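Here is a friendly briefing to read alongside the model.

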Amino acid sequence: MKKHNFYAGPSILSQQTIKATADAVLNFADTGLSILEVSHRSKEFQAVIDEATALVKELLDVPAGYSVLWLGGGASTQFYMIPMNLLRTKAAFIDTGTWAHNAIKEARLFGEVEVLATSEPENYTFIPKGYTVPADVDYFHYTSNNTIYGTEMRYDPDVPCRLVADMSSDIFSRPIDISKYDAIYAGAQKNLAPAGVTIVIVRDDALGHVDRPLPTMIDYRTHIKKGSMFNTPPVLPIYSALQTLRYYKELGGIKELERRDLEKAAVLYDAIDSSKMFVGTVTDPADRSIMNVCFVMKPEYKELEKDFVDFATARGLVGIKGHRSVGGFRASLYNALPLESVKALVQAMQDFEAQH
Ligand SMILES: *Cc1c(COP(=O)(O)O)cnc(C)c1O
């Protein structure tokens with residue numbers, strides 16, 4: 001049976017990425033060796049990381065003066081690596097979900113942290129508005145897409161200071177004005193590659209201004225100087241990332257990815273909004289994520305939630321159970337998910353509703 005993969009992360013990858021990765025596990029770049037067993041300093045792998053870096057710069061229109069890094073440790077490592085490199089006295093945050101919350105907690109270890117707004121008392125069902133970002137902070141940190149709660153800021157905020165963003169779950173789904181940022185980071189396992197590598201885009205001139213001693217591995221300048229090869233980088237995930245980036249370019253780049261993502265999200269949100277059984281957990285359309293769509297059953301149908309998960313699973317719709325902190329359902333519509341899978345989910349929702 002055809003599977004429709006709605007997992008939140010690790011998550012669906014393009015067939016092209018999976019196939020090319022499988023081929024390279026058997027024979028990498030005609031070396032007669034597996035990608036799993038070659039030196040990261042071989043000329044064949046150097047070509048991989050060089051092309052992947054160039055494609056990130058091209059697709060995201062990264063201006064001069066910024067470096068693209070491929071690091072281990074997941075996005076969660078960036079929660080402390082960012083403040084260690086960039087936080088001199090004070091940083092401002094908004095608390096929009098679990099990941100933002102974790103980033104705040106880690107930054108507090110390294111300086112003053114102002115939390116300007118939070119939607120936590122309402123279980124993070126909206127993006128806070130109406131707060132003022134002070135000009136005297138080193139940076140304003142936000143999480144562009146709240147993977148667990150299904151809210152998203154699909155814009156680069158206008159603030160009187162530098163920006164830092166966790167874009168783990170929506171990078172490559174919209175154009176970004178990188179010049180407003182000191183740093184952007186994204187774990188690869190949502191929209192790019194298998195787990196194990198994190199992309200960091202950092203403004204070179206933002207570095208070197210903190211007084212604290214930085215361990216070599218924590219200092220972004222180490223990785224800039226060594227082209228992400230100071231130590232052994234996550235070779236296989238970088239190889240897969242390159243395949244995805246090539247696929248993105250072939251499709252037509254970020255604008256085309258965004259068009260597809262908007263179309264997929266509209267199909268699912270329309271079905272939710274016109275349903276008598278299902279209801280979205282994020283009510284303001286402006287705050288709704290186009291990557292992770294969270295919905296539940298209305299109170300009068302609540303006891304059918306588990307049945308619907310089983311019903312969907314039997315049709316090959318995998319990974320739609322909501323995160324435990326929201327409940328209900330979450331359909332992740334990352335770039336690699338075809339519109340056809342969204343339509344299959346909508347059909348299942350309508351058929352289930354008709355049966356009850
Ligand atoms: C998944 C996720 C993280 C955590 O990433 P790890 O690579 O597991 O550390 C952080 N932020 C966001 C927005 C995420 O979706």
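N146 is in contact with T96, G97, I127 and T151 once its neighbours within four places in sequence are left aside; contact here means heavy atoms within 4.5 Å. This is a predicted model, in which local features need pLDDT of at least 70, side-chain atom pairs count only at pLDDT 80 or more, and totals for chains, interfaces and linings use all residues. Residues are numbered from 1 along each chain as its sequence is written, and side-chain values use heavy atoms, with hydrogens and water left out.

- N146 belongs to strand β6, residues 145-146; helices (H or I, at least four residues) and strands (E, at least two) are DSSP runs, numbered from the N terminus.
- With a relative accessibility of 2%, N146 counts as buried, a word that means under 20% relative accessible area, whereas exposed means over 50% and partly exposed is in between (1.4 Å probe, protein chains only).
- The side chains of N146 and T96 are joined by a polar contact of 2.7 Å.
- A polar contact is a pair of N or O atoms within 3.5 Å; within protein, one must be able to donate a hydrogen and the other to accept it, and residues adjacent in sequence count only if both atoms are side-chain atoms.
- S144 is found in the loop between β5 and β6, and at 0% relative accessibility S144 counts as buried.
- The side chain of S144 makes a polar contact of 2.6 Å with the side chain of D170.
- Not counting residues up to four places away in sequence, S144 touches T151, E152, M153, D166, M167, D170 and R174.

**The ligand and its surroundings**

- Which residues are closest to the ligand? They are S76, T147, D166, Q189 and K190, out of 13 residues that surround the ligand; a residue counts if one of its heavy atoms lies within 4 Å of the molecule.
- Helix α3 (residues 74-86) gives the largest share of the shell around the ligand, with four residues.
- A polar backbone atom of A75 is 3.0 Å from an oxygen atom of the ligand.
- In the side chain of T147, an N or O atom is 2.4 Å from an oxygen atom of the ligand.
- Q189 has a polar side-chain atom that lies 2.9 Å from an oxygen atom of the ligand.
- Taken alone, the ligand exposes 390 Å², and the protein buries 86% of that; accessible areas come from the Shrake-Rupley method with a 1.4 Å probe, and for residues only the protein chains shown count as cover.
- The ligand takes up the space of the largest pocket.
- On a 1 Å grid over the protein atoms alone, a pocket is an open set of points with protein on both sides within 12 Å along at least five of seven lines, whereas a cavity is a set of points where a 1.4 Å probe fits but cannot get out; lining residues have an atom within 4 Å of a point.
- A molecule sits in a cavity or pocket if more than half of its atoms lie within 2 Å of its grid points.

**Backbone features to look at**

- Most residues other than glycine have a negative phi, and most peptide bonds are trans.
- The peptide bond from G9 to P10 is cis, with omega near -5°, and P10 is in the loop between β1 (4-5) and α1.
- Y124 is not a glycine, yet has a positive phi of about 55°.
- The loop between β4 (112-118) and β5 (139-143) holds Y124, which is buried, with a relative accessible area of 5%.
- F172, also not a glycine, has a positive phi of about 70°.
- The loop between β8 (163-166) and β9 (181-187) is where F172 lies, and F172 counts as buried at 0% relative accessibility.

**S34**

- S34 has its place in the loop between α1 (15-26) and α2 (43-60).
- Is S34 buried or exposed? S34 is buried, with a relative accessible area of 9%.
- The side chain of S34 reaches the backbone oxygen of V25 at 2.6 Å.
- Leaving aside neighbours within four places in sequence, S34 is in contact with A24, V25, L26 and F28.
- C-alpha to C-alpha, S34 and A24 are 6.1 Å apart in space and 10 residues apart in sequence.

**C161**

- C161 is in the loop between β7 (151-152) and β8, and counts as buried at 13% relative accessibility.
- Apart from its neighbours within four places in sequence, C161 is in contact with V133, P134, A135, V137, Y139 and F140.
- C161 and A91 are 70 residues apart in sequence, with 9.8 Å between them in space, C-alpha to C-alpha.
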